[in-house]
Amino acid sequence: MIDFESIQEDIKHEVGIDLICSLAGKLTNIKINIKNSNLNEEDKKRKIEKLSKLIATLWKERDEAYRGNKDTIERAYNIYAILSNLISKNKSSFVEIL
């Protein structure tokens, strides 16, 4: 017999990993844009450092997700929803928050 719950959990798990990777990609693009921006060097450095820390944290979360940590998957969904919403509403405001 097919274990639908197991299949559903596997799909949820894989989608969570994809969300982490997608968000890391979005943040990396923002980081590149900041490097190429007109901001003063001190602001660039500070914002890039914060983004680098966020991205590094996401990669750690991804590693935990690969190990099967269910709490990580729940965090992935929440983090993705919050940060993606902030970024999509106004990318420049998100950069200002940094």
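## Glu61 and its contacts

Contact here means heavy atoms within 4.5 Å. With that in hand, take Glu61 in this predicted model: leaving aside residues up to four places away in sequence, Glu61 touches Ile20, Thr72 and Arg75.

Glu61 is found in helix α2. Is this residue buried or exposed? Glu61 counts as buried because its relative accessible area is 15%, and the cut-off for buried is under 20%.

## Helix α2, end to end

Helix α2 runs over residues 41-66, 26 residues in total. From first C-alpha to last, α2 reaches 37 Å, close to the 38 Å expected at 1.5 Å a residue.

Now for the two ends. At the start of α2, a side-chain oxygen of Asn40 comes to within 3.1 Å of the backbone nitrogen of Glu42. At the other end, α2 is followed by Gly68, which has a positive phi, near 95°.

## The buried side of the story

An α-helix has 3.6 residues a turn, so residues three or four places apart point the same way.

## The nonpolar core

The largest nonpolar core has 18 residues, and Leu27, Ile30 and Phe94 touch the most other members. Elements giving two or more residues to this core are α1, α2, α3 and α4, with the largest share, 7 residues, coming from α1.

What does Ile30 touch, not counting residues up to four places away in sequence? Its list is Leu51, Ile87, Lys91, Phe94 and Val95.

Methods
Residues are numbered from 1 along each chain as its sequence is written. This is a predicted model: local features need pLDDT of at least 70, side-chain atom pairs count only at pLDDT 80 or more; totals for chains, interfaces and linings use all residues. Side-chain values use heavy atoms; hydrogens and water are left out. Helices (H or I, at least four residues) and strands (E, at least two) are DSSP runs, numbered from the N terminus. The expected span of a helix is 1.5 Å times one less than its number of residues. A polar contact is a pair of N or O atoms within 3.5 Å; within protein, one must be able to donate a hydrogen and the other to accept it, and residues adjacent in sequence count only if both atoms are side-chain atoms. Buried means under 20% relative accessible area, exposed over 50%, partly exposed in between (1.4 Å probe, protein chains only). A nonpolar core is a set of buried Ala, Val, Leu, Ile, Met, Phe, Trp, Tyr and Cys residues joined through side-chain atoms within 4.5 Å.
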